[in-house]
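Visitor: I would like to learn how to read the inside of a protein model. Please take me through one case.

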Amino acid sequence: TEYIRNNMRSKIPIIALTADVTTVDLEKCRAVGMNDYIAKPVDERILYTKIVGLVKKPVESTNNQPKANKPVLANKTRCTDLAYLISITKYDHKLIMEMITLYLEQTPVLISTIKKSLQDKDWESLHAAAHKMIPSFSIMGIDKDYETIVKKVQMYDGAKGDAKEIGELVLQIENVCSCACNELEEEYNTLKNNIT
C-alpha cells in the first residue's frame, strides 16, 4: 500500500483482507493509505458493498454542512431511492433482495452499537460502526447529507465537538435508517411476490 500510494501516486481504493479483525492495527492501515478492511472468510455481499461504497463517484452537494437541529429530509416523502442499486444489479431481483437483506440485518445492529459506544465513550467502537454504515447510504439512495452526518459522528472522540449535538446527529441517523428499513422491507416483499 505504501508503494502504491507513495511511488505510484495512485489513489486506487485498497481493502485489506485479514483473518482476525481484532488484531489488525486499523490506524496503521489507515496511515499507509488503506481505505477499508474485511475479515476472512470473505462474505461476497459485504465485499461487494465495500467495493461499491469505495468506487461510486460522490454526487456534489451544495450544502455540505447539514443543520443538526432539524431533520434533513423534512420535505421529502421517501428515505430511499433504489435507482442506483437497480442500475448496478441490472435489476436482478435476487441480488437486490440480498442487498436489502444485508442492510436490514446490519443497520439496526450498527445503530445500537453507535448509541452504546457514545454512551460508554468507546470511541473506537463508535468510529468502526459509523464507518461500516457509510457505503449503505449510497447503495440504498439515502440522502447524501446523512452520509456527511455519519462521517461527523465517526470522527467524534469526546474531546472535540458538543456531545449534545452528536447525540442529535445520532438520532437523525437512527430516524432515517428506521424509515429506510421500513421502505426496504416493503420493497423486499414486493420483489418476493413478483418472483413467486
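Guide: Start with the core. Of the 37 residues in the largest nonpolar core, those that touch the most other members are Met-133, Phe-137, Met-140 and Ile-173. A nonpolar core is a set of buried Ala, Val, Leu, Ile, Met, Phe, Trp, Tyr and Cys residues joined through side-chain atoms within 4.5 Å. Buried means under 20% relative accessible area, exposed over 50%, and partly exposed in between (1.4 Å probe, protein chains only).

Visitor: Which helices supply at least two residues of this core?

Guide: Helix 5 (93-120), helix 6 (123-139), helix 7 (144-155) and helix 8 (163-195) each do. Helix 8 gives the most, with 10 residues. Helices (H or I, at least four residues) and strands (E, at least two) are DSSP runs, numbered from the N terminus.

Visitor: What kind of model is this, and how are its residues numbered?

Guide: This is a predicted model, in which local features need pLDDT of at least 70 and side-chain atom pairs count only at pLDDT 80 or more, while totals for chains, interfaces and linings use all residues. Residues are numbered from 1 along each chain as its sequence is written, and side-chain values use heavy atoms, with hydrogens and water left out.

Visitor: What does Ile-173 touch?

Guide: In soluble globular proteins, nonpolar side chains tend to be buried together. Not counting residues up to four places away in sequence, Ile-173 touches Ile-111, Met-133, Phe-137, Ile-149, Val-150 and Val-153. Contact means heavy atoms within 4.5 Å.

Visitor: Which residues of helix 7 are buried, and what covers them?

Guide: An α-helix has 3.6 residues a turn, so residues three or four places apart point the same way. In helix 7 the buried residues are Asp-145, Tyr-146, Glu-147, Ile-149, Val-150, Val-153 and Gln-154. Their cover includes helix 5, helix 6 and helix 8.

Visitor: Is Lys-144 buried or partly exposed?

Guide: Lys-144 has 27% relative accessibility, so it counts as partly exposed. This residue belongs to helix 7.

Visitor: What caps the N-terminal end of helix 7?

Guide: Asp-143 does, through a side-chain oxygen 2.8 Å from the backbone nitrogen of Asp-145.

Visitor: What is the secondary structure of the protein as a whole?

Guide: The protein has eight helices and two strands, in the order α-β-α-β-α-α-α-α-α-α from the N terminus. Of its 196 residues, 36% count as buried.

Key:
Polar contact = N/O pair within 3.5 Å; in protein donor to acceptor, adjacent residues only side chain to side chain.
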